[in-house]
Amino acid sequence: MTTTAACVVCLSDLWQDELGRMACRRCTLRISDDLAALPGLYVQLGGALMPGSGAGGPAVSGSRTAPLPLRLAPLSLISRGGVVTVLQTWLVDVHDLLGYPHPRWEGDLIGQCHQVVARLQLLLPWIAENHPAVDEFAREIRQLRGQCVAQVTGERPIRTVAVACPCGATLRITLDTLGRRCGCGEQYGREQLLGLPLAERRQVAA
């Protein structure tokens, strides 16, 4: 049996007592924190639907004119196909891998959000140890949280920086990027990524 020697999320070497896990404890805690933040953010998205809300400005209300259209970005996150659907898709995947019955959804979307997060938190130890796509899971949960925060608070997305791999490829990262694998096969942890030189502009444009 092959023993995993590095976390597939941040690509850092695993501690001796973490060997065999897919994700290290630090990344597992980070996933848990991101999951825990989603129900509260999901509720707050409802208040960010009106133009002028969610970006530091007052929500439009009390006007005698026809109401302005809802903001599409938070609407897409709060509707089916958004936050709750992404989480439920992952839970179905985990249930399938474990041979569990298909999960049941009860109540409205807010209730379902709380339910699916609670269930994913319960299964997170297994996910971190065994799920072959835990790196993708961690990335999607982190992206969901970031998208919700951006719509609720109006914060700008984290700036993306292009760095150059010695092979010549360009890797787009943020200060939040835990790890990245280049197309050449080289794996970089967070510290290694931040140590790479910036890609030249002509290279990025290409």
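There is 1 aromatic pair in this structure. Pairing here takes rings of Phe, Tyr and Trp, the last by its six-membered ring, with centres within 6.5 Å.

A word on the source. This is a predicted model, where local features need pLDDT of at least 70, side-chain atom pairs count only at pLDDT 80 or more, and totals for chains, interfaces and linings use all residues. Residues are numbered from 1 along each chain as its sequence is written, and side-chain values use heavy atoms, with hydrogens and water left out.

Back to the pair. The partners are W90 and F137, 5.1 Å centre to centre. Their planes stand at 65°, which makes the pair edge-to-face (over 60 degrees; under 30 is stacked, the rest tilted). W90 sits in helix α3 and F137 in helix α5, so the pair ties together parts 47 residues apart in sequence. Helices are DSSP runs of H or I, at least four residues, numbered from the N terminus.

Buried or exposed? F137 is buried, at 1% relative accessible area. W90 counts as buried too, at 10%. The cut-off for buried is under 20%, with a 1.4 Å probe and protein chains only.

Now the helices. α3 spans residues 83-98 and α5 residues 134-153. Their axes, lines fitted to C-alpha atoms over the stretch in contact, come within 11 Å and cross at roughly 165°. The two are therefore roughly antiparallel (over 145 degrees).

Who makes the contact, meaning heavy atoms within 4.5 Å? From α3: V83, V86, L87 and W90. From α5: E136, F137, E140, I141, L144 and C148. By class, that is 8 nonpolar, no polar and 2 charged residues.

Definitions and conventions. Axes are lines fitted to C-alpha atoms, for helices over the stretch in contact, and angles run from 0 to 180 degrees between N-to-C directions. Angles under 35 degrees count as roughly parallel, over 145 as roughly antiparallel, 65 to 115 as roughly perpendicular and the rest as oblique. Contact means heavy atoms within 4.5 Å. Ala, Val, Leu, Ile, Met, Phe, Trp, Tyr, Cys and Pro count as nonpolar, Asp, Glu, Lys and Arg as charged, and the others, Gly among them, as polar. Buried means under 20% relative accessible area, exposed over 50%, partly exposed in between (1.4 Å probe, protein chains only).
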